[in-house]
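Please look through the sequence and the structure shown here before reading on.

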Amino acid sequence: MKTLVIHPEDSTTFFLDIVYRNIEDLTLITHGMGKDEIKEEIKKHDRVMMMGHGSPGGLFAVGKFKTNNGYIIDDSFVDLLKEKDNSVFIWCNADRFVDRYNLKGFYTGMFISEVGEAMYCGLPKTKQSEVDESNYSFVEIMGECINNDPKTIHMVAKTRYGSLIDHNPVAKYNHERLYVNS
């Protein structure tokens, strides 16, 4: 299966590279392209993985791509993404994007990956060590199961990442926001 990963280059999300390290037929795009070039790449691949910072409007370009609205993935990609049934959407509030357009795959809701986000999400006493444990456990688990279908990815992530929820409030928060639509 040919996999396209769109992961805007950003030091605060470098840890996400663990998710796709075990994918063999991989095209990784981190910067430089415009939306039309990305659309052509999506057409050539069986699966699309999009990860980094985002909002209900899509995946942020974080200044690394040629775009005039701040997003590298937005509603202009919906028709292409509807053709894929095994996409991966890992960004804050990806659920609102995926659900709005009834896209298929594994996806996250609001996902705490920084202490500042934890405060914003109502966890004011969060320690960096809790964020780190959550982040690295999540990406390790995802990296081990990423070559499966979205339902299996979801099941494995919910089960294994769920082992943290009794002692890690960040993992508990994020665990409640892991979804699959198939």
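The side chains of Arg177 and Glu176 meet in a salt bridge, with 3.4 Å from N to O, where a salt bridge is defined as a side-chain nitrogen of Lys or Arg within 4 Å of a carboxyl oxygen of Asp or Glu. This is a predicted model, in which local features need pLDDT of at least 70 and side-chain atom pairs count only at pLDDT 80 or more, whereas totals for chains, interfaces and linings use all residues. Residues are numbered from 1 along each chain as its sequence is written, and side-chain values use heavy atoms, with hydrogens and water left out.

Arg177, at 21% relative accessibility, counts as partly exposed, and Glu176, at 42%, also counts as partly exposed; here buried means under 20% relative accessible area, exposed means over 50%, and partly exposed lies in between (1.4 Å probe, protein chains only). Lys172 joins Glu176 and Arg177 in a network of salt bridges.

By this rule, the count comes to eight salt bridges. One of them links Asp74 to Lys35, with the closest N and O atoms 2.3 Å apart. Asp74 lies in the loop between β6 and α2 (78–82), while Lys35 lies in helix α1 (residues 35–44), so the pair ties together parts that are 39 residues apart in sequence. Helices (H or I, at least four residues) and strands (E, at least two) are DSSP runs, numbered from the N terminus. Both Asp74 and Lys35 are buried.

Glu144 and Arg160 form a salt bridge in which the closest N and O atoms are 2.7 Å apart. Since Glu144 belongs to helix α5 and Arg160 to helix α6, the pair ties together parts that are 16 residues apart in sequence. Glu144 is partly exposed, with a relative accessible area of 48%, and Arg160 is partly exposed as well, at 37%.

How do the strands pair? Strands of a sheet pair through backbone hydrogen bonds, either parallel or antiparallel. Strand β1 (residues 3–6) runs parallel to strand β2 (residues 26–29), and four bridges join them; two strands are taken to pair if DSSP finds at least two bridges between them. In this pairing, Leu4 stands opposite Thr27 in β2. β1 also pairs with β3 in the parallel sense over four bridges, and there Ile6 stands opposite Met50 in β3. Both faces of β1 are covered, with Thr3 and Val5 buried on one side and Leu4 and Ile6 buried on the other.

An open sheet of three strands has the order β4-β5-β6, with antiparallel pairing. β4 (54–55) and β6 (71–73) stand at the edges with a single partner strand each, so one side of each is left without a neighbour in the sheet. The antiparallel pairing of β4 with strand β5 (residues 58–60) extends over two bridges, and Ser55 stands opposite Gly58 in β5.

Not counting residues up to four places away in sequence, Met142 touches Val19, Ile90, Phe106, Ile153 and Ala157, a contact being heavy atoms within 4.5 Å.
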